[in-house]
Every structure is written in C-alpha cells, then in structure tokens.
Amino acid sequence: MDRHYLSPLFNPGSVVVFAGPSAADPDREPPTPEARALRHALNDLPPGFALRWLDIGTSGTLADLAASRVDLAVIALPPEQVGDALEVVGRIRARAALVLSSGLPPTQCAELQKTAQHHGVHLLGPNSLGLQRPGLKLNLSTLGPLAAAGPLALVSQSGALTAAMLDWAQHHAVGFSAVVSLGPNTAVELPQVLDFLAADAGTQSILVYMEGIRDARRFMSALRVAAYSKPVVVMKAGRQAAGSKVAVTHSASMVGSDDVFEAALRRAGVVRVRQFTQLFSAAQCLASRFRPAGERLAIVTNGGGPAVLAADWADMLGLSIAKVDDLGEQAGAEAYVQAMQAAVADRSVDGVLLIHSPKFSVEPLTQTGADAVAAAVGKVFSPTAKPVIGCWMGEASARPAREHLAALQMPVFRTPEAAVDAFNSIASYYRNQQLLQQTPPTMSEGAAPDTEGAQLLIESVLAERRQVLTEIESKALLAAFHIPVTRTMLARSATEAMLIASQLGYPVVLKVDSPDITHKSDAIGGDAGSASAVELDVQSAAQVRDRYQQLLQRVTRARPDARINGISVQPMADRGREVYVGVASDEPFGPVISFGAGGTMIELIADRAIELPPLNAFLARRLIERSRAAELLRAWRGAPAVDLGPLERVLLRVSEMVCLLPQLQQMDINPLIVSANGVVAVDARIVVSERGGSREGSSRLAILPYPDGHDHEWQLKGGDRVTVRPIHPDDAEMLQALVRGLSAESRYFRFASAMAELPLRMLARFTLIDYDREMALVAVAAPRETEPAPTALAAKAADPPPPPAHPNAAPGRIVGVSRIITNPDGRSCEFSLLVADDHAGRGLGSRLMLSIIEVARSKGLAEIMGLVLSNNAAMLRLMASLGFKVARYAEDPDFRIVTKAL
Ligand code: ADP
Ligand code: MG
C-alpha cells in the first residue's frame with residue numbers, strides 16, 4: 001500500500017533490456033557505447049534475476065509480457081530507435097523506463113516524454129547515465145562498476161561528476177544505497193527521486209549534486225520532506241554574481257540567483273557544500289547523530305599555526321571560537337583527553353576541534369605520537385554527545401590514527417580547514433532544520449490590511465502603463481498594510497509646500513517627485529553631497545519657500561529633460577539607524593525578501609540577508625540576525641540596543657504583501673529608520689507588473705503559506721466538540737499518540753502493517769506537507785482528563801529546542817485525520833482516513849472525508865481514489881455512503897479500490 005510509485009524504477013522485480021543482441025551473443029557488436037557498458041554492468045546481476053532481452057522487432061511474445069507487466073525497461077539503442085522502443089515498452093505495459101541512449105536533442109526528448117506519459121510509464125532519461133542499487137546488486141548504468149553498498153544515496157544532474165564521485169568513493173570506502181544520474185532532459189526529475197529516497201528505508205542520508213531546477217514549488221516540496229526525514233547535503237554548481245538585469249530597485253539589483261538558491265536550501269533544512277569531497281564528509285558528520293550544535297567552537301591543539309588556520313577559516317564561515325587550548329608541542333595523550341573532556345563539559349562551547357600535528361622531534365611511539373593520542377581520545381569519545389571533530393595532520397604517519405578514530409565514528413580530517421567545514425555543516429544543519437519546520441500563515445497578526453485599496457492603487461498605476469510607483473504611491477501601499485511611513489504629500493508650488501509643511505509640523509523634508517529621477521540623493525552629478533534632490537531638515541515656512549526654489553532650480557538645471565510632478569513634503573523622522581527591507585523576484589523561486597543596512601550607501605555596503613516568503617516571527621528574527629546590520633542594531637556608540645519587535649512586524653507585513661499582491665515584483669523600503677520610538681519608512685519604491693495578475697498572490701511562491709479558510713468547529717454525535725484544521729509539523733507528537741493509541745485492528749486497517757507506531761521518517765512525511773500537492777486535515781479534541789502529557793519522541797529528542805509553537809497549536813489530542821495526495825498524473829488524488837477508536841461511529845470519519853473531498857475539488861482535481869482492505873467493512877460502507885464506487889483491485893486481492901469523480 002505504501003509502495004512508492006517509483007519502486008518499479010528503483011526496486012524492479014523484472015527488467016527488459018533493449019540494447020541489441022544480448023551478452024549471451026558475444027559475437028555481435030552492441031549498437032551503442034551505452035549498450036556495451038550496460039552489457040558489462042548486467043553481467044553482475046544476482047543469479048536468477050528476471051531479465052529479458054528484447055528488440056523492437058519482436059512482436060510475438062508481447063501479449064504475455066503485457067499480461068505479466070514487467071517493472072522496468074532499459075533502453076540503450078541508437079537515438080533513432082529509442083522512440084520505437086518506448087512504444088513497445090508502452091505496449092507491454094512496463095511501469096517504468098530508463099533510457100541510457102545519449103545525444104538525443106531536446107525536441108526528441110520532449111516526444112519521448114509525451115509517449116511515456118501517454119502510456120503511464122515513469123521515464124528516467126534519455127541522456128542519463130542510469131542508476132545503481134548496490135544493495136540489490138543492480139547496476140543499470142553506464143557509470144562503470146557497481147559501487148559498494150552503504151547508507152548514502154547520491155543523485156546527480158551531471159553525468160561526468162557522478163563518475164568522478166564514484167571513483168573517489170571507491171577509494172575512500174564509501175558505500176551507497178542508490179546512485180542516480182539524471183541527465184538534462186529526464187521526465188523523472190530531481191524532486192521525484194528525492195520523494196523516493198526520502199521514503200527509502202535503505203537510505204540514511206541523501207547527497208545531491210545539482211545544476212538547476214525547473215519547478216521551484218515541486219523542488220522545495222520534495223526537498224523539504226526529504227530533509228525532514230533524513231540529512232540532505234547539496235552541492236550546487238554555478239555561483240553567479242549578484243544582479244538581475246531588470247532591477248529598478250537597489251535591493252533587487254543586489255540579490256543574485258545564487259543568494260536565492262542558498263536561501264532556499266537553508267529554508268529546506270539542507271546543508272550546502274562547495275566541493276564534492278565535502279558532500280561525503282558532511283554526510284558522515286550528520287550521520288553521527290550529534291546533539292544539536294551551536295556555532296561556538298573550541299580548539300584543542302599541540303601547535304599554534306594549525307589553530308590559527310582553523311580560527312581564520314571559522315571566522316570566514318561566521319562561526320565563533322569559544323577558546324583555543326594550546327597544549328604545547330610536548331602534549332601527550334593525557335593532556336588531550338583532559339582538554340577534550342573540559343571542553344565538552346563547558347556550556348559556552350558547542351563543538352570541539354582536536355588538532356594533532358606531527359612532531360618529528362619525538363619518537364612516533366611515545367605518548368605524544370599521533371597513534372597514542374588517538375587511542376586515548378578514542379577511548380572516551382562518544383559520537384552521540386557534543387560534536388568532537390578530529391584533525392590529525394600528516395600523511396602516512398597520521399593515517400592509522402585517523403582510521404582508528406573514523407572507525408569510532410569520529411569525523412576526522414587531515415587539514416584544519418576541512419575539519420572546520422565539517423563543524424560548520426553540523427551547525428548549519430541544526431540551524432536550517434529549525435527554519436524547515438516553520439509553516440507561516442499568509443496573514444500576520446494584528447489589523448487586517450486594506451487589500452482592496454492596495455489592489456485599486458496598483459491597477460490605477462498599471463492602467464497608466466506605469467510599473468514604478470512614486471514615493472507617495474509606494475508609501476500609500478505600505479500604509480495599506482500598516483507599515484509605518486512618514487506622511488508624504490505632493491506640492492506643486494512653494495506656497496502649497498508651506499501649507500502642507502505647517503500642517504505636518506516642522507522640521508520637514510522636501511524631495512523631487514519625478515519618474516525620471518530614481519535615486520534622489522544622487523540625482524545630480526558634480527560634487528556629491530550638496531547636489532541632491534533631497535532637502536533635509538527644513539525648519540520653517542521661510543526655509544520651505546527658499547529651499548523649494550533652490551531644489552527645483554538645481555534639478556531643472558542638471559536634468560532639464562526630467563519630468564517633474566512636483567516636490568513632496570514629509571516630516572523629518574527622528575534620528576536612528578538606517579536599514580532596508582527589499583523584495584526581488586527570482587526565476588524560478590519567485591519573490592524573496594531581503595534585509596540589511598540601508599541608506600544612500602546601500603549598494604556600497606551590500607548587506608543582504610535573504611529569506612523566502614512566507615515569514616513568521618521566528619523566520620523574521622533569523623533574517624535580521626543573518627544580516628550585518630544586526631550588529632548595527634545592538635548597543636552602539638552609547639545608544640542602547642534597538643527593540644527588534646517593530647522591525648520584525650514590518651518584515652511580516654512585507655511577507656503579507658508578497659502573499660496577497662500578485663503584481664508586486666520589486667520593492668525597496670530604504671531607508672527604514674529604526675529608533676527608540678519604533679520604525680518608520682521614509683523612502684519607498686515599488687515595482688508592479690501585470691504578470692501573474694490573475695493568479696492568487698501565493699501561487700508564485702516556492703513555499704505555500706499555511707492554508708487559511710479550512711478551520712472549523714464541529715459538534716459530534718454525543719456532544720463533544722472538535723476543532724478541524726490543516727496539519728502542521730508541530731502535530732508530530734499528537735499524531736504519534738493517535739497511532740499508538742489505536743487498536744491493533746485499526747492500525748492494520750490504516751497502514752496494512754502491524755507497526756506499533758509511525759517510524760520517524762513517516763511521521764515527518766505525514767506532518768510536513770506542502771499544502772499544494774498534499775493536504776491533511778486533523779480533528780483535535782480536548783485532551784482526556786487522565787491523559788499524560790505527550791512524551792518527547794525518542795529520537796527527535798536529540799533535535800534542536802522547538803521553535804515557538806505554531807499559532808494554531810492548541811493543546812489537545814488528534815482524533816481523526818483525512819488526507820489527499822495528488823497522484824503523479826496531476827489529475828487525480830489518493831485519500832487516506834484515520835479515526836481514533838473512541839471516536840468511531842460518531843460521524844467524524846464522514847465529515848473529515850467530505851471536507852477533504854471539498855479540498856480536492858477546489859484544487860481542480862477530477863477524481864479521488866483510495867485503497868481499502870477488503871475486510872474493512874465499516875470503511876467500505878462509509879465509502880459507499882459517500883458515493884464512492886467500490887471495485888476489486890487487480891494488483892492485490894486483499895484490497896478494494898474505491899473511486900469517486902469530483
Ligand atoms: P534616495 O532616492 O536617494 O534613496 P531618500 O528619500 O531615501 O532618497 O533620501 C536620502 C536620505 O535622506 C535617506 O537615506 C535618509 O537618510 C534621508 N531622509 C530622507 N527622508 C527622510 C525623512 N523623512 N526623515 C529623515 N531622513 C530622511
Ligand atoms: Mg532611499
């Protein structure tokens with residue numbers, strides 16, 4: 001029942017091969033280099049494996065092949081024959097196909113995808129180097145010999161690199177559960193493979209080498225689920241410089257696509273590395289289930305130089321050095337053990353780096369030698385406590401020491417930099433896992449925004465064929481979302497400016513309002529400073545009159561062709577620290593929010609911390625902390641630290657704008673002045689476009705907000721009340737409690753297995769969902785009087801302290817769950833339903849089903865279906881009463897398939 005739809009590809013029970021004459025026919029040449037490589041690979045299949053060679057001409061045996069439904073077809077024919085082969089694959093009703101043939105142009109690849117889709121075949125390739133499943137002894141690749149079996153899965157978008165990594169791995173005794181080389185035109189893409197690996201019991205960690213993605217939403221969804229169930233390490237090629245080409249705002253021009261990628265990976269709970277050897281070392285560190293780690297590293301060393309290298313590199317990576325314990329050249333095993341234990345016990349230390357550099361003045365076999373120190377350290381090292389990372393420097397002399405420690409599961413390296421990288425992986429893993437668990441809603445707390453007013457304003461600007469809002473318009477939009485702005489009004493004469501100024505109160509600021517002058521403070525060339533289109537600190541009516549004229553003259557002289565709407569007047573804000581909040585639109589990730597030090601020098605300072613919307617308070621706080629401006633907001637030059645609350649609220653409001661205003665493309669609030677009195681936007685610039693105008697704002701987001709509009713209160717037969725709402729990651733414990741409390745029969749009916757509780761990986765999959773392809777509604781009842789508080793989940797107890805609970809997290813217990821997952825065909829979905837035993841027969845199941853059917857309908861799906869155990873009479877009755885058609889399930893007589901058109 002929980003067999004993954006890609007099982008036929010990755011766990012095939014039967015395979016047919018299209019690769020010319022079989023290996024049993026050694027005289028005849030294979031038609032392609034891929035066919036030759038495959039022939040070699042297949043020689044190592046386990047004896048008795050169900051393999052058949054086919055060629056595109058055979059027709060006689062197709063009928064019985066079709067009847068038995070082979071799992072996988074592998075094609076390694078010349079490009080011009082691949083299409084015909086895939087047709088045969090469709091006719092014999094194979095479930096999946098792997099095309100190793102290479103050199104196929106994109107148009108032909110698109111054709112193949114269509115054929116595969118038509119026949120319902122999951123297609124990996126063409127131009128793929130194939131896959132290996134070492135645990136199954138299955139080598140369906142042109143990558144060379146089968147890799148050793150182990151706990152790591154490797155997925156790569158580059159063939160050449162896959163081969164290089166396998167070569168490296170072979171020499172470093174690294175083993176794999178799966179190796180998948182995707183190629184550029186494959187139908188089964190990275191997200192689908194991640195889906196499979198997340199659920200694959202043989203895979204403990206996932207390593208990804210990637211170059212690009214097509215569908216950000218799909219990618220983020222799969223990556224987040226995978227990273228929630230097991231460590232995922234990503235190496236991404238192509239660090240581009242900052243700067244999108246059409247940026248009209250500062251923040252948009254500062255945000256590069258690699259920054260966005262970085263932010264997306266972080267939010268997905270993934271660790272990113274830069275070199276492929278780091279892929280493996282990061283995976284190794286994350287596999288040693290260390291306790292959560294902060295960023296403060298203690299260094300224990302017998303030499304100053306290596307410690308300095310380590311400290312420098314740690315500083316580069318933004319880690320902090322808690323202390324350096326230089327034991328001196330003569331340090332022996334005893335000194336190392338004591339220093340390590342002291343550091344592990346020290347609460348101001350999050351991780352320990354032990355550096356041993358060889359000392360050739362002493363005999364290798366004495367107490368100071370690499371081996372002796374490693375042996376002593378190894379005796380007291382525990383891989384489940386605070387991270388301890390080793391760096392035994394030296395080549396052959398230190399190798400046995402390294403091997404000894406590695407065998408005890410200590411991550412151990414040859415260079416200080418590699419060791420610090422490893423600690424950084426651990427620290428960022430735990431940091432990012434906290435980001436991953438956030439499920440922010442669309443709306444921030446507090447007053448509802450004037451969305452309608454904002455839409456009207458945007459439409460009127462677009463109707464004038466403009467895309468860039470003036471400062472006054474931009475501020476009006478911010479005000480509609482309750483972001484504090486300086487009230488700003490347009491004056492067309494000096495007299496008008498005086499009238500406005502005396503109403504606003506002095507001092508005021510005058511600025512030129514012109515669509516042709518983007519950066520007002522450097523609107524005019526020449527000697528900087530005075531040559532500005534901004535007049536600050538205007539103290540009186542007389543000054544307004546004089547400086548109005550000076551400003552206008554200065555601008556018209558320097559920019560005679562500029563269209564000038566007038567001069568805007570606004571109060572002078574209190575002095576404070578200047579920051580900015582920006583929005584840029586990325587391809588493919590959609591809108592991103594940036595934050596950093598602001599003011600007129602913004603591009604020189606180039607401070608940009610980035611996060612993907614939607615934001616909640618936790619994410620907003622982390623965003624601020626990642627910026628360099630965070631330093632500026634602490635106590636500074638005698639001024640006290642700034643209260644971050646108001647700043648966070650602005651970020652949440654900006655997130656809300658991004659979610660609710662589909663036309664919003666770019667935005668600068670620069671500067672936002674932060675002072676003891678709160679925050680205020682004194683300048684703003686917003687860029688809108690028609691694009692996506694018809695779509696709901698959140699549909700362009702890579703991560704969907706926690707859905708609203710699904711919350712209900714229901715009264716059940718017997719009078720009890722339950723609250724119904726979408727599931728979120730904080731529900732994991734309550735969901736586990738529900739499963740534990742089920743009768744053996746109910747558990748069997750739902751999961752078709754005898755498990756007593758959900759494995760963590762399933763628990764993760766069930767509670768962290770994308771609300772796009774998948775939706776789950778939980779019914780929460782008041783806790784039972786006698787119920788003990790939910791105990792922390794055993795293995796998750798090692799995870800970071802939980803971030804602030806979800807706003808919807810009410811105490812109680814889950815008594816029912818209904819769920820739908822969109823099928824790979826994109827038009828139908830599969831449901832599941834679970835009701836607590838003490839709530840059965842009270843109408844809860846049918847109401848949960850009706851609600852989830854409504855969700856499926858609103859997503860535009862055409863059909864809802866599910867599998868029900870044939871002996872689950874109550875469930876089959878319920879389905880029939882809801883109008884489902886009940887039929888025999890051809891693939892497994894233990895089940896009925898129930899379907900309903902939507
Ligand atoms: P630009 O188009 O150059 O970004 P701004 O409107 O941001 O022009 O003004 C430039 C600088 O003037 C700001 O960075 C800020 O320091 C200062 N400034 C502008 N408006 C105000 C105001 N209302 N109160 C206080 N300072 C202001
Ligand atoms: Mg500005």
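Start at Lys520: a polar backbone atom of this residue lies 2.8 Å from an oxygen atom of ligand 1 in this predicted model. That is a polar contact (a pair of N or O atoms within 3.5 Å). Asp683 uses its side chain instead: a polar atom there is 2.8 Å from an oxygen atom of ligand 1. Pro571 has a backbone N or O atom 3.0 Å from a nitrogen atom of the ligand. The protein covers 91% of the 540 Å² of accessible area that ligand 1 has on its own; such areas come from the Shrake-Rupley method with a 1.4 Å probe.

The model is predicted: local features need pLDDT of at least 70, side-chain atom pairs count only at pLDDT 80 or more, and totals for chains, interfaces and linings use all residues. Residues are numbered from 1 along each chain as its sequence is written, chains are lettered from A and ligands numbered from 1 in the order written, and side-chain values use heavy atoms, without hydrogens and water.

Which strand gives the most to the shell around ligand 1? Strand E25 does, with three residues. Strands (E, at least two residues) are DSSP runs, numbered from the N terminus.

Now turn to an open sheet. Its five strands run in the order E14-E13-E15-E16-E17, with parallel pairing. Two strands pair if DSSP finds at least two bridges between them. E15 and E16 pair over five bridges. There, His356 stands opposite Trp392 in E16. E14 and E17 stand at the edges with a single partner strand each, so one side of each lacks a neighbour in the sheet.

How values were computed: Polar contact = N/O pair within 3.5 Å; in protein donor to acceptor, adjacent residues only side chain to side chain. Helix = DSSP H or I, 4+ residues; strand = E, 2+ residues; numbered from the N terminus.
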